[in-house]
Amino acid sequence: MTDQDITFTIDGVAITAKPGQTIMEAADDAGVYIPRLCDHEGLRHQGGCRVCTVKANGRSVAACTQPAAPGQTVENETPHINKLRRDLVEMLFHEGNHLCPICEASGNCELQAMAYRLEMGEPTKFPYLEPSRALDASHHDIALDTNRCISCGRCIRASKDVDGKGVFGYVGRGIHRRVAVNGEDLAHTDADASDHAMSDEVCPVGCIIRKRVGFATPIGEREFDKGLIGYEIEGKRRG
Amino acid sequence: MATNTPDEQMTGPAVSVPSIPVEEIVSICQTYGNDRHRMLDILRDVQDRFRWISPKVMETVASQTCLSRIEVEGVASFYSFLSQTPKGRVTIRLCDDIIDRFAGLAAIAEAFEEELGIKVGETSPDESFSLEYTPCIGMCDQAPAAMVNDVVVTKLTPDLARQWAQSLKAGKSPEEIVSDRFADLSPHARATAQVDNNIRHAGAVLLGPVPDDAGLKTALGLTPVQIMDMIEASGLRGCGGAGFTTGRKWKFAAAEKAEKHFVLCNADEGEPGTFKDRVLLTERPHLLVEGMTIAARAVGAREGIIYLRGEYVYLRDLIEEVLADRRARGLLGEAILGVEGFDFDLRVQMGAGAYICGEEGALISSCEGLPGEPKTRPPFPVNRGYLGYPTVVNNVETFCHAARILDRGAQWFFDMGEEGSHGTKLFSVSGDCLNPGLYEFPYGLTINELLEMVGGEDAAAVQVGGPSGTMIARDSFHRRLTFDDLATGGAIIVFSGERNVLEIVEYYMSFFVHESCGYCTPCRVGNVFLQKAIGKFRKGLANPEDIDYLKDLSGTIIETSRCGLGMTSPNPILTTLKNFPLVYSAMVKPSKDGIRATFDIQSAIDGARHLAKRRSYIYDEDFSK
Amino acid sequence: MAELRKARIATASLAGCFGCHMAILDIDERLMELMKLVEVDRSPLTDIKRFTKRCDIGIIEGGCCNEENVHVLRDFRRNCDVLISIGQCAIMGGLPAMRNAIMHSDAPLRECLEEAYITGRYIRNTTHDIPNDPALPLLLDEVYPCSDVVEIDYQIPGCAPTGDVIYETLAGLLAGKFHGFDRMHIKFD
C-alpha cells in the first residue's frame, strides 16, 4: 500500500485500490467477485451489460467503469442488487435465442453460469423476442450465430485492440443494435481462428463458434462444472 | 429465411440503382478534410445526394477517413435519416407523435398512400417517393405535420396532403410548393412560411423586446470569473430538463486546464411535445449566438458547435445566415468587437434523426462523427468532452437566458420565479386546448393557471415535461411548474377526457423503444418488454400481477440504465399507474382456478383451423351437433 | 398418530420428448422410498388416462404446441394442488419452441409445415401432403411455455433435470420444506 492508495469497503470488506482503478478492478485484486458479462480481463471497459451494477454510497453505478473513491461504501451482493442482476440476465436470455440444451457453449457459457449464480429459477414473466438472424457459416474455421449474441462487444474490442484487426462492430440502434462483421460475411473479413477475438474466452456465449471443436469436452466436465462463475476471483481471497 | 435481413435488402434494389461514382464520394469526404469526426456530415451529404448509403459508399468513405467499413456502417445504421436502402427522390416523413395521431394522422397517411400508390414504409418502384413515419418533429402546436425532404408542412388535412402529393407528382419541388418565389425569400421568411411561431405570451426575458448584443457588450467589460459569478448569482439552471446550475457548469469547465475548450449548444429538441427551441432559433438566433459567445469568453473557448436536430434542417440556412452576419460584423471570429485575444467561432452540426443525441454525451459523440451513444461518466463533459476537451453543453434557452442576464443583471433574473427556480421558462403547450403554442412565464405557475390561459380547462390529464416527465390527473392541477415540484424541459401536453391513457402510454413506450441507443441491456431490452406489457393491457390480456410486474421491471430499468433515457423511460407507466390506477385495474383479467384467462386458445388455433380446413374437436363446442 | 395419507402424483408429457419422464426414473433405487410416500395417479408411467381423484402434485413435461396440450394442461391445473413444470420445454418452450423464432412470414404455420413435410431439403414425402388426419390436434400459432397457459407453482430446470434434482425437489415438497434449489445444482442443459 502506498500513500496514494484509496481505501473503501465492499459489503463491509475493506478494499485497497490504486489511484485510477475502477471499483471492479480493485475488487478483483482483493478477491471480491462482482458479476459481469461485458467486461473481460485485458479488454477496455464498456459498461454496457450493467450486470456489474453496485450501489456506491447508495447510488447505482457500473462497477467496471466507476472509479474507486476514498471512503466509499459499496454494496455488491445484496438481495436487491442480485435481483436487479437477475432481471438483466433474464433480459439477455429473452432477447436472443438461448436454448441451452442445443447450444455447444452450454457449461462454458458465462450467461448461463451467471443465471446459475444468480439463481434464475422462477417462472419468468418476460416475453421471448425470438430473433431470426441468418447463421454466418461462411468462414472455414469459424461460424457466427448472432441469435445468441448478448451484445457484450468483447469480440469487437478484442479484435480491434488486441488483434489490431477490427473484424467486428456494432450496427443498428436500440433493440436492433447488433454485432456485425466488417464485410459481406465473416469469410470476407480477415478473421482467423487464431485471433484472440475468436478464442473461447472472449465470446461469453455460443455466438462465435469454432468449427470442429464443439463437443471435444463433454457436458458435465466444462468450465462452470468446476464452480460457480467467479470462483477463481473468489478463490484468491480464500487464499 | 423468411425475414429481410439488411443484406438481402441491400443486394435486392442495388441492381436497379445507378452506381454511385466513387470520385463523388471522395470529393464529399474531401469537403470535410477526410476527417472522421465529420462522419455525420459526410454521410448526410451522401444521403442527400444519392439517397442511400450503399455498401460500396461505406467502403469508400472508410478508406478516405482511415476507418473500417464496419465503423462507417455503425454510424450509417444508427441515424433514422440515413438509409442503407435507396430512398425516393422525395421522402415524406409523417410526424407520428401521439398529438398527430389524435389530430388525424391516419387520414393524412391514407391520403398520401392513395395519391402516391405506396404504403407507409415503402419506396415507389420508380424511386420517386418514400413515405415513412418519424417521431415528433417539434410541430405539436400545428399538428398533423410532416417533413417533405427538408421542408416542413404543418396543419395537414387529407385535402392538403392530396394537394401536396399531386404537386410533387407534377414535378414541383417541395420548396416551390411552399412558395413560388421560395428562392427569393430570406431564410427567416422561408422558415415562417413553413412553420408558425405561435407565440401566445411573451415574457420579460426571451420573447419580449431584446436589445442587440447588450449582454455581450457587458461581458466584454467583465472578467471570465465575474461573468460566471453573475450567471451563478442569477440562479439560472439548465432549461433542457435536467436543471443543472449553469454558472457552476461553466466554472467546472473553466477550471479544467486544457489546450482547448468547447461550447456546444444543444438544439436537438427531441422530447415529444417540445418546440420552444424551434421558436427561439427562428426569432432569437442572435441572442443564442450571443449567449454562446459569452459562455466562450467565460470558459475560454475558441470554438463552438450548434447541434441542430435533423428535423429542424429547415432552420439551417437561417442560422448560417446569422453566423455569417455576425462574422461580418465582428461578433464572431477573431478579436470579437475589437478585443484582442477574444476569438470564437462556431459551426452548425446537423443531426440525423436520433432523440438520444439530446443527451449531453450522445450529442458529443454525434458531433465527433460517432453513433449517438452516451459516454461513460465520469469523466464528465466539463472535464473531458468533445474530442476529449473540456466542454460546456447547454440548451438553446439556457444560452439565451445567459445573454439576457448579462444585459439586465443577475438580480433582475433572480427576482423572477421562485426559490430554486429563478427567471422565466418557455412552455410549449399542445394537445386538447384552444390555444396551443409558446408561453413564457416566470417559474411557479400552477397547471390550473396555465390551463386557463391556453383554453384547456377540460383537461383530464396533463403530460408535464413530455414522455420522460410526469402525467398528472385533475387532482394535481394545483401543482406548480418549478424544478422542485413539476419539472419540465418545456413540454406541456393537454389531454381531454376523450383520450385513452393507455394508448398514450403505449405510444410513449414505442417512442422510447425506437429511440433507445441500445448500448445498455435494461434500456435496450427492458423498454421492449414494457411496451409489450402495455400492449397486453390494451388488449385486455394482462394478469392482475402484471401491475406489479410493470412497477418491478420499471424499477430495474431506472436503477440500472446507463443514461437519462433509460432512467426516465418508464415514467409514462409509473406516473399513470400512480395517477390513473383504474385505467390499469379495469383491464386485467384474473385467472380462474389457476387457468390464465389471458391465454386465448381461440386465436391460438385459428391459423391451424384455416390451414387444416377443419374445426377443433376440443374447442369448437358445436362440432358434434 | 394416524398413518399419513399417501400423496397423489400425476404426470404428463406435452410437447416434450419424454426425456424428463426418463429422468424421473433416474431417481433409481430411491424410487422405492418415494413410492412409500406417494401413489401415482394419471400418468404415462401407470397408463392411467384420466384423473381418478384430485392430486396433490402434478408434474408437467413439455410446453404447449397444440390444442390437446392446452386441454391436458388445464385439466392438470384443475385437478392438482401443486403444479410443477419439469424441464426446459415446459419452462420456456424448449426445442419445439425453435419454430417460434423461424416463423415470421404472413402464414408462419403453413411455411413451417411445408418445410417440415414438403420443401425441406432432406424430405422424401412421395405424397407431397401435409398430414391432416381429423384425429390430429390443431397446432397452436406458436409454442407456449406452460406458465403462459396456467399458473405454475414450481419449475425444475434442466434438459433433462438430473434424477438427484428431481428427487430432492419432490422429497422436499412432500416434506413441506422445499426452499428452492442449491445453485450448484441448477442446470439448463
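I begin with a turn in chain A. In the hairpin made by S1(A) and S2(A), 2 residues sit between the strands, and A:Asp11 has a positive phi near 50 degrees. Please keep in mind that this is a predicted model. The two strands, S1 at residues 6-10 and S2 at residues 13-17 of chain A, pair in the antiparallel sense over 5 bridges. Within that pairing, A:Thr9 stands opposite A:Ala14 in S2(A).

Back to the turn itself. A:Asp11 is not a glycine, yet its phi is positive. Its place is in the loop between S1 and S2 of chain A. Is A:Asp11 exposed, partly exposed or buried? A:Asp11 has 15 C-beta neighbours inside 10 Å, so it counts as partly exposed.

A:Asn57 is a residue other than glycine, and its phi is positive, near 50 degrees. A:Asn57 is found in the loop between strand S3 (53-56) and strand S4 (59-62) of chain A. Here there are 12 C-beta neighbours inside 10 Å, and therefore A:Asn57 counts as exposed.

Now chain B. Its domains are domain 1 (6-76), domain 2 (90-177), domain 3 (214-415), domain 4 (429-440 + 449-499) and domain 5 (502-585). Between the centres of domain 1 and domain 5 of chain B, taken over C-alpha atoms, the separation is 37 Å.

Consider an open sheet of chain B, in which 4 strands follow the order S2-S1-S3-S4 with mixed pairing. Strand S2 (129-134) and strand S4 (151-153) are the edge strands, each pairing on one side only. From one strand to the next, the twist averages 20 degrees. Strand S1 (residues 90-95) of chain B runs parallel to S2(B), and 6 bridges join them. B:Val90 has B:Phe129 as its bridge partner in S2(B).

Close to this topic is a cis peptide bond, from B:Ala143 to B:Pro144, with omega near -5 degrees. B:Pro144 is placed in the loop between S2 and strand S3 (146-148) of chain B. Another cis bond runs from B:Pro378 to B:Pro379, with omega near 0 degrees. B:Pro379 belongs to the loop between helix H17 (360-367) and strand S9 (391-395) of chain B.

Next, strand S7 of chain B, residues 303-308. Why is S7 of chain B described as largely enclosed by the rest of the structure? Because 5 of its 6 residues are buried. S7(B) pairs in the parallel sense with strand S6 (residues 262-267) of chain B over 6 bridges, and B:Ala267 stands opposite B:Leu308 there. Strand S8 (residues 345-350) of chain B also runs parallel to S7(B), joined by 6 bridges. In that pairing, B:Ile306 is opposite B:Val348 of S8(B).

Leaving aside residues up to four places away in sequence, B:Ala295 touches B:Trp250, B:Val263, B:Val392, B:Asn394, B:Phe399 and B:Ala402.

On to how the chains meet. Which helix of chain B gives the largest share of the side that touches chain A? The contact itself takes 34 residues from chain B and 35 residues from chain A. Helices H5 (69-76), H21 (501-515), H22 (521-539) and H23 (546-560) of chain B each supply at least two residues of the chain B side. The largest share, 8 residues, comes from H22(B). By class, the chain B side divides into 13 nonpolar, 13 polar and 8 charged residues.

The contact of chain C with chain B takes 23 residues from chain C and 20 residues from chain B. On the chain C side, H3(C) provides the largest share, 7 residues. That side has 9 nonpolar, 4 polar and 10 charged residues.

Finally, chain C as a whole. It has 8 helices and 7 strands. Of its 189 residues, 44% count as buried. Its C-alpha atoms fill a box of roughly 65 × 40 × 30 Å, taken along the principal axes. That is where I will stop.

Conventions: Residues are numbered from 1 along each chain as its sequence is written. Chains are lettered from A and ligands numbered from 1 in the order in which they are written. This is a predicted model: local features need pLDDT of at least 70, side-chain atom pairs count only at pLDDT 80 or more; totals for chains, interfaces and linings use all residues. Domain bounds come from an automatic or database domain assignment. Two residues are in contact if their C-beta atoms, placed from the backbone, lie within 7 Å. Ala, Val, Leu, Ile, Met, Phe, Trp, Tyr, Cys and Pro count as nonpolar, Asp, Glu, Lys and Arg as charged, and the others, Gly among them, as polar. Two strands pair if DSSP finds at least two bridges between them. Axes are lines fitted to C-alpha atoms, for helices over the stretch in contact, and angles run from 0 to 180 degrees between N-to-C directions. A residue is buried if 20 or more other C-beta atoms lie within 10 Å of its own, exposed if 12 or fewer, and partly exposed in between; C-beta atoms are placed from the backbone.
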